[in-house]
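Please keep the sequence and the model in view while reading.

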Amino acid sequence: MFTFIARLILRNRITVLSSLLFLSFFMAWEGQYVQVSFKFSRLLPKTDSAQVEYDVFRERFNQVGNTVVLAIDSFDVFDPELYPQWQRLQDELNAIPGVVGVLSPVNAYNLLRNDSIQKLYYQSMNPGFRSGKLDSMRNLFSRLPFYQGLLRSEDGQVPLMLVQIDSEQLYVRQIVTIVESIKESAEVAEAHIGRDIKISGLPHIRMANTKKVSKEIFLLVGLAMLVTALILFAFLRSARAMLISLGVVVLGVFWSFGLISVLDYEISMLSSLIPSLVIVIGVPNCIFLINKYHSEFKNHGNRIKALQRVIRKIGAATLMTNATTAMGFASLILTDSTILKEFGVVASLNVMMVFVISIIVIPVYYSFARPPKQRHYKHLEKRWIKGFIDWLIRASMYHRPYVYSGLVLLLVIAGIGISKIYTTGNLSEEFKKSDPVFQDLRFLEDRFGGVVPLELVIDTRNPGGAYKNSTLKRMDRLQEAMQEVPGVSKALSIVNGLKFVKQAYYRGEPDFYELPGSQDRSFVLSYIPNDSEDGNSLMQSMVDSTGRYARISMQVEDMGKEESAYLQEALMANIAEIFPADRYDVTVTGAWMVFQKGTTYLIKNLIVSLGLAISVIALVMALIFRSFAMVLVSLVPNLFPLLMTAGIMGFFGIPLKPSTILVFSVAFGISIDDTIHFLAKYRQELKITRYNIGQSVLLAIRETGVSMFYTSVVLFFGFSVFTASSFGGIVALGILVSITLIIAMIGNLLLLPSLLLSFEKLIINKSFTEPYITIYEEDEDDDEDDDEPEFPNQETPSPKKELSIE
């Protein structure tokens, strides 16, 4: 097949290259329309019970996460000198288009009793600028338990300003402008007040995430281009080879953005990595093709024959290595996670497209370029690389017991590390601890108990059941019990509203902030206002329109998995004790619950996809080599680095989470490439050496070792650029993949040859030598090479001596 492909490309090189460039620039044009996602990525499928319950809750109570929270430490909003600054900030925030309301201690509502109409009415506590009134409002606010822990911390030192955003603006581009305007107003106020203003809330965290993704796409792409360019030039010592390789990956980047746009996807934190992955994965293709071209030209000095053999001999191997890498990504498509499916689709298609680009661009370029000079392929014989290859040969041929002993020792150490590994996943996990978003979130958690919504929905099974005295008392007991659980804020429900009503009925006395009793219930409740002039109501959104469902709203800390498990256990135990299952149905939901279950679900899906990727790649290896023993031998050097990486994660306290578990799928799909190159060359040499195992292993190491070393170093430094990310998970991904691939290279060049030599009788059989899929063409000299017309200006230097294998 690749003989035909070689003829097609080289005979129609201008047409083929022009078509490829046209399509690539079309993809670049489409890529300009790609959008960054303004939503938190949906981790759970729509049919999952937790997601269904959350969607039902939001529809029933008309709830959206639309609040940005501002806070200042040790700040008295009723101080005559500080109040004007606070009020000015509040007015500026209210004036921002897209902001529908701002609530803080200075404009909170009080309930007052009007005996003439026998109703309670709302009155804003806005004190104005008179210092005497400020003092009286401070005293009044301190006598309202309803707001303590909600608009001001329990110790009275930290006031909150709650900025509500129009729900219709939450998931469109305008949300970026709204949140940025809120931040700018806060920064101006900081300069006037001289205090640090803390900002958090789901819209702010989400936009901080979106902004970082937008910024880092081009940062990581630029760094990946720079690093790979420097390494390519250092290894190949050829500006032409470096530039054409960069040209290949630039076209690949065009396709990555274009495919995201054409498929109508949005860029998430995960898919933002694809352009950088294309660069890092595409460069090894270029190295193998260029090295093969230089090696062939060095041997016989015929440029057209060298280019034909590059396509025929390396094309199939490169196709299979790219296919296995693509399969590693494509396994994610079978998960139920939208974010993983989209990443798997685009990444797998891009990997295969990079193969097409490299197999066309590099041969066509070199068909027009001047023939390489001796200095262009001198890098194939660098002394220090030859020394490294010789050491690998000696170790695998003469010191295999030490190799196996080292393997066992490292596996034992890795096992100890794996026993220490733990899983986690929370909203702020991807932010560095030095990030202001993370620090502000932790501050608010420390003073208010959390900012991530957790909701309880009590189904009383009867219309109006939420207003029954027995139900209200049970809700009050549950709220008090949850106050004893660490990491939970003050709860808010109809219970708090009714306590506020009773306090107002008894002329605002704090001692009466309690549920109405059986004696005063009827006449206290008769004073409840139906609504206020501006539409605010204490009962709004606390009970559904039928009175059957009541809601308890809490804010919890952004916890890891262990803390979350403890909270859920405490919550479920209190629910079981307080609400009998035969009378009530209690649903635990909210953004926190969905995110926690989504993270666990995502990790399970990634583990399944990794197992599926290993199985599929093992099947491909079986088709290539037709030997079960060979499949096992080929998997060992590639599973070994995964175990080592898991051990490193355990020893260094790197948690297992969606971003870090992706390491295993990415690294396995890439590391198996070297195995295919090595074994395909090894099988070819077996026929040439008439099944001399030792000589075949030696020749295979010398032939593929240099390219494998180059590609591994490029991959190491290429993935290392991810450490420039401001997302902690992306940094960990870059470090772990880099380490894994270096270990995989050593495994493929040291452990794999050792296993081949030790188990040769089990591996070498008729099936192995007659595969279903042929990777390398077996005939070294093919008369068909001479049938092709020579390129113009062909220079034919004298053939060079073959590389020594001694």
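The sections below cover a helix packing and then salt bridges, all taken from a predicted model.

## Packing of α9 and α11

Helix α9, residues 274-300, packs with helix α11, residues 338-368, at an angle of about 30°. The two axes are 9 Å apart. That angle is under 35 degrees, so α9 counts as roughly parallel to α11. The crossing of α9 past α11 is right-handed.

On the α9 side, the residues in contact are Ile-274, Leu-277, Val-278, Ile-281, Gly-282, Asn-285, Cys-286, Leu-289, Ile-290, Tyr-293 and His-294. Their counterparts in α11 include Phe-343, Val-346, Ala-347, Asn-350, Val-351 and Val-354, and also Phe-355, Ser-358, Ile-359, Ile-362 and Tyr-366. By residue class, this contact holds 17 nonpolar residues, five polar ones and no charged ones.

## Salt bridges across the chain

The whole structure contains 18 salt bridges. One of them joins the side chains of Asp-115 and Arg-507, with 2.5 Å from N to O. Asp-115 sits in the loop between β4 (109-114) and β5 (119-124), and Arg-507 in the loop between α16 (494-505) and α17 (521-525). This pair links distant parts of the chain, 392 residues apart. Asp-115 is partly exposed at 35% relative accessibility, while Arg-507 is exposed at 51%.

A salt bridge also forms between Asp-585 and Arg-461, whose closest N and O atoms are 2.9 Å apart. Because Asp-585 belongs to strand β11 (residues 585-589) and Arg-461 to the loop between β9 (452-459) and α15 (469-482), the pair ties together parts 124 residues apart in sequence. Asp-585 has a relative accessible area of 36% and is partly exposed. Arg-461 is likewise partly exposed, at 34%.

## A buried pair and a network

Is the pair formed by Asp-476 and Lys-499 buried or exposed? Both residues are buried, so each has under 20% relative accessible area. Their side chains meet in a salt bridge of 3.0 Å, N to O. Asp-476 lies in helix α15 and Lys-499 in helix α16, and the two are 23 residues apart.

Elsewhere, salt bridges with shared partners connect Asp-73, Asp-155, Asp-446 and Arg-447 in one network.

How values were computed
Residues are numbered from 1 along each chain as its sequence is written. This is a predicted model: local features need pLDDT of at least 70, side-chain atom pairs count only at pLDDT 80 or more; totals for chains, interfaces and linings use all residues. Side-chain values use heavy atoms; hydrogens and water are left out. Axes are lines fitted to C-alpha atoms, for helices over the stretch in contact, and angles run from 0 to 180 degrees between N-to-C directions. Helices (H or I, at least four residues) and strands (E, at least two) are DSSP runs, numbered from the N terminus. Angles under 35 degrees count as roughly parallel, over 145 as roughly antiparallel, 65 to 115 as roughly perpendicular and the rest as oblique. A crossing is left-handed if the near helix is turned anticlockwise from the far one by less than a right angle, and right-handed if clockwise. Contact means heavy atoms within 4.5 Å. Ala, Val, Leu, Ile, Met, Phe, Trp, Tyr, Cys and Pro count as nonpolar, Asp, Glu, Lys and Arg as charged, and the others, Gly among them, as polar. A salt bridge is a side-chain nitrogen of Lys or Arg within 4 Å of a carboxyl oxygen of Asp or Glu. Buried means under 20% relative accessible area, exposed over 50%, partly exposed in between (1.4 Å probe, protein chains only).
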